[in-house]
Amino acid sequence: MWCSHTANWVAPSLLLAVAALHNVAAQATPDPCLHGNYQNLTDVHRSVSYVTTYPEPPLCDIDLVAGWYRFVVDAESKMPETCVNNFKCGTTVPIWMNGTHPSVSDGIQTRRACANFQSGGASYTPCCGQAVKIGVKNCEGFFIYYLHPTPACPMAYCAGKDAPCPAGKWSPTGLPPDCKDTYPQLTDPPTFLGPVIERNTFYFTCDLTFSGNDPDQAFEFVWLFNAWRTLKCRQK
């Protein structure tokens with residue numbers, strides 16, 4: 001069975017103790033592929049195609065609880081098998097899997113997860129400044145991994161290869177081609193009209209032009225007179 005003992009992230013002249021896996025080749029009971037026996041990791045920024053840019057906070061898996069995980073980030077949703085450059089995967093120090101993915105008949109296999117502290121990717125060696133043993137299993141349609149928390153930040157596991165929506169945009173899946181502005185962008189300053197006087201009342205209107213045609217987008221306008229908020233309106 002899978003146990004939480006002490007394993008090591010190994011680096012030159014550095015040994016860091018982290019919660020880890022013992023006997024990763026053993027068969028787990030019940031089957032970790034069954035729904036409910038693993039957790040999903042869904043952040044599309046784990047993709048090897050995503051480059052972290054300031055001031056975006058980098059991902060970090062230091063708070064990850066040791067256990068089985070399935071990446072749900074794109075159609076492939078599996079860890080890369082080759083070295084990944086720094087600042088990819090939504091983090092500063094990306095973690096990749098050193099080895100190939102198993103077949104269904106292979107059951108649970110042991111692999112090394114490598115953290116790359118050097119820029120330049122595969123052109124630099126060893127691309128594996130620190131390493132830890134992880135488990136991986138082919139669930140006939142997707143892969144699951146027995147992962148451990150990282151020993152420091154910012155370090156995170158990579159998964160997937162599709163580029164997510166760029167910063168400031170979103171889609172229901174987090175991926176193209178349906179990316180749109182996270183918030184509607186004004187193409188011109190709002191136009192303030194009025195007042196319109198009707199008997200003993202008056203009101204103002206506002207007009208604006210903005211990007212997108214999402215029926216759920218709405219604006220709220222607040223007018224200030226002598227620094228006092230007096231009225232507001234909503235426009236969809």
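This is a predicted model: local features need pLDDT of at least 70, side-chain atom pairs count only at pLDDT 80 or more; totals for chains, interfaces and linings use all residues.
**Disulfides**

I started with the cysteines and got a count of 5 disulfides. I followed up three of them.

Cys60–Cys153: I found the sulfur atoms 2.0 Å apart. I then looked up where the two ends sit: Cys60 is in the loop between β3 and β4, Cys153 is in the loop between β8 and β9, and 93 residues separate them. The S-S torsion is about -95°, so I noted this link as left-handed. For accessibility I got 26% for Cys60, which makes it partly exposed, and 47% for Cys153, also partly exposed.

Cys89–Cys158: here too I read 2.0 Å between the sulfurs. Cys89 belongs to the loop between β4 and β5 and Cys158 to the loop between β9 and β10, so this pair ties together parts 69 residues apart in sequence. Its torsion is about 105°, so I put it down as right-handed. Cys89 is buried at 0% relative accessible area, and Cys158 is buried at 0% as well.

Cys114–Cys128: I got 2.1 Å from S to S. Cys114 is in strand β6, while Cys128 is in the loop between β6 and β7, 14 residues away. With -75° about the S-S bond, I logged it as left-handed. Cys114 comes out at 0% and is buried; Cys128, at 13%, still counts as buried because the cut-off is under 20%.

Next I checked β12 (residues 191-198) and β13 (residues 201-207), which run antiparallel and share 6 bridges.

Notes
Residues are numbered from 1 along each chain as its sequence is written. Side-chain values use heavy atoms; hydrogens and water are left out. Two strands pair if DSSP finds at least two bridges between them. Helices (H or I, at least four residues) and strands (E, at least two) are DSSP runs, numbered from the N terminus. A disulfide is a pair of cysteine sulfur atoms within 2.5 Å. Buried means under 20% relative accessible area, exposed over 50%, partly exposed in between (1.4 Å probe, protein chains only).
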